[in-house]
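Hello,

Here is the structure I promised to pass on to you. Please open it beside this email, and then read on for what turned up in it.

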Amino acid sequence: MWRRTYLLLLLVRIYLALSPSYIHPDENFQGPEIIAGQIFGYPNLKTWEFTSSHPVRSLFPLWPVYGLPMLVLQWVWTETGKEAVAPRVIYYALRLLMFILSFVLEDWAIHELVQSPRERRIAVVLVASSYVTWTYQTHTFSNAVETLVVLWSIVMIQRILDHKHRSSLLSSALLGSLVAFGVFNRITIPAFLLPPGLYLVPHFLRKPFSLLALCTTFILGSILAIAVDTYFYHYSTTESLFQILRSDPTITPLNSLLYNTSTSNLSLHGLHPPYQHLIASLPLLLGPALLLFWYIRKPSLSIISALSATVLLSLIPHQEPRFLLPAVPLILSSVRLPSSGVLRKYWFVSWIIFNTILGVLMGIYHQGGVVPAQLWLGQQRQHDPELTKVFWWRTYSPPVWLLGGKELVTVDLMGMKADEMMDRVSGPIDGYRGGEPRSVGLVAPRSSVDLDAWIERTKSNLVFEQLWMTENHLNLDDLDFEEDGIVGTLERVVGRRGLVIWKVSRNPQA
């Protein structure tokens, strides 16, 4: 029975992995956006993490995770004599890759960490039935990569502890490599690994060569990462890489640590109370599984890692649920189900409802029109040469690389007020002077009723022509319960869900 359930959950996972929802801008702009620009030469938007004088994002983990698949696709297309790889192919190939990594590495790690066959079956199904596994873990987040690194680092620690009388040189060397990769991927990984790693101290005292193996691979991995980052951030200089490494190496984890220890820096991203993770992040990620904390099997490296990371990361003023992503499989693989048949039944019902709702929301509808709209615009540009500028309003920032190098100016107006937005949109039309476009594109959610007056021409003489529309788009940032009430807000945001591409031009008869 559990095998059939697991296979069904795998189908759900791959379906949502290939659904173009958009959970957070970082899933594009901290990975594929940068690497696609490096490999295919696509115009791309470098965020502040990469343009700062002290960059906080490393290119080192991005190349094996995203760069290698892109290079393989490029080679296949070249060998088969086809044209350049379409952004659509690259996008879905990366999603498929993240699914495979989750299916193979995450599920395999759970098998390694849970020894009892009966408890292992429960753990595997719990992790596989979590909407976090279906959505966050199959998107191109650095947090998803961090989850895999944390899980396999704990597997290595457990293997070393299980063979106390051996040197475990291979496991120690692999652990050092994983930690180096993880630190350059996200600086938060020590919060997950430091407490479990303390259990290795007696082993290293008895087997110092194990510590030497760990330190050697960690140092070598770090040197390689620093070299890659230094080359990327100083590639235009006339100095040799060796000279730069000696005089001014780029150490992104150090830059990230210094940045994130400054409250003034974090205030730009939002400050949260120390209990934010406890009262908001964990309930959002785990839902009814929080109740299973009463049924933790026994203290283990997994639960120690999850709880210590929650406490340590709560000390940082800026907190987001995805920062605790590795804690989800660690916790779900450490709990038991209620022994009472009635309690177990009610818990299963609540778990299914919770993950179904969040899975559909985050896996299908959450900003789900942004990526398809951008892909459509990239294809449409060659058929409509007059459309050279597109404004995006009240959506997440569109990934520029999905245009595939097409000459289309993308302007992100974010949450600008409606009147200001229309001034920006109508400006290029009114100011037509030869090279300027007679019409521009506007991408906006249907739930933005502020736009209705302009579309119906009661506030201007602009003509709105609908070019494209999808209903698989929900803009949660548009929720306004105070202004519209609960029913009114849901009718507007859910009832009028969708994303529309408009072609805006001046009415020639006006």
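Which residues does Ser102 touch, not counting those up to four places away in sequence? They are Arg13, Asp107, Thr133 and Gln137. Before going further, please keep in mind that this is a predicted model.

**Around Ser102**

Ser102 sits in helix H6, which runs over residues 87-113. With a relative accessible area of 1%, Ser102 is buried, because anything under 20% counts as buried. Two of the residues it touches, Arg13 and Asp107, also meet each other: their side chains form a salt bridge, with 3.1 Å from N to O. Asp107 belongs to helix H6 and Arg13 to helix H1 (residues 2-17), so this pair ties together parts that are 94 residues apart in sequence. Both Asp107 and Arg13 are buried.

**Other salt bridges**

The count for the structure comes to ten salt bridges.

- Arg322 forms a salt bridge with Glu320, and their closest N and O atoms are 2.9 Å apart. Arg322 and Glu320 are both buried.
- Asp452 and Arg496 meet through their side chains in a salt bridge of 2.9 Å, N to O. This pair links distant parts of the chain, 44 residues apart: Asp452 is in helix H23 (residues 452-455), while Arg496 is in the loop between H24 and strand S5 (499-506). Asp452 has a relative accessible area of 21% and is partly exposed; Arg496, at 27%, also counts as partly exposed.

There is a network to find as well: salt bridges that share partners join Asp26, Glu320 and Arg322.

**Aromatic rings**

How many aromatic pairs does a search of the whole structure find? The search gives 16. In one of them, the rings of Tyr91 and Tyr92 have centres 5.1 Å apart and planes at 85°, so the pair is edge-to-face; the cut-off for that label is an angle over 60 degrees. Tyr91 is buried, at 5% relative accessibility, whereas Tyr92 is partly exposed at 23%.

Trp347 and Phe348 make another edge-to-face pair, with 5.5 Å from centre to centre and 65° between the planes. Here Trp347 is buried, with a relative accessible area of 4%, and Phe348 is partly exposed at 34%. Both residues belong to a cluster linked by ring pairs, together with Tyr131, Tyr136, Phe141, Trp351 and Phe354.

Trp351, from that cluster, deserves a visit of its own. You will find Trp351 in helix H20 (residues 341-365). Is Trp351 buried or exposed? At 3% relative accessibility, Trp351 counts as buried. Leaving aside neighbours within four places in sequence, Trp351 is in contact with Leu126, Ser129, Ser130, Leu286, Pro288, Ala289 and Leu332. Tyr6 is 345 residues away from Trp351 along the chain, and the C-alpha atoms of the two are separated by 15 Å.

**Helix H18**

At 1.5 Å a residue, its 13 residues should span 18 Å, because the expected span is 1.5 Å times one less than the number of residues. The end C-alpha atoms of H18 are 18 Å apart, which agrees.

Which residues of H18 are buried? They are Leu301, Ser302, Ile303, Ser305, Ala306, Ser308, Ala309, Thr310 and Leu313. The buried residues of H18 pack against several helices: H6, H9 (142-162), H11 (189-197), H17 (276-286) and H19 (327-332).

Leu490 is a handy one to start from: it lies in helix H24 (residues 481-493) and is partly exposed, with a relative accessible area of 41%.

How values were computed. Residues numbered from 1 in each chain as written. Predicted model: local features only at pLDDT ≥ 70, side-chain atom pairs only at ≥ 80, totals over all residues. Heavy atoms only, no water. Phe/Tyr/Trp six-rings, centres within 6.5 Å; stacked < 30°, edge-to-face > 60°. Buried < 20%, exposed > 50% of the residue type's maximum accessible area, 1.4 Å probe, protein only. Helix = DSSP H or I, 4+ residues; strand = E, 2+ residues; numbered from the N terminus. Contact = heavy atoms within 4.5 Å. Salt bridge = Lys/Arg side-chain N within 4 Å of Asp/Glu carboxyl O.
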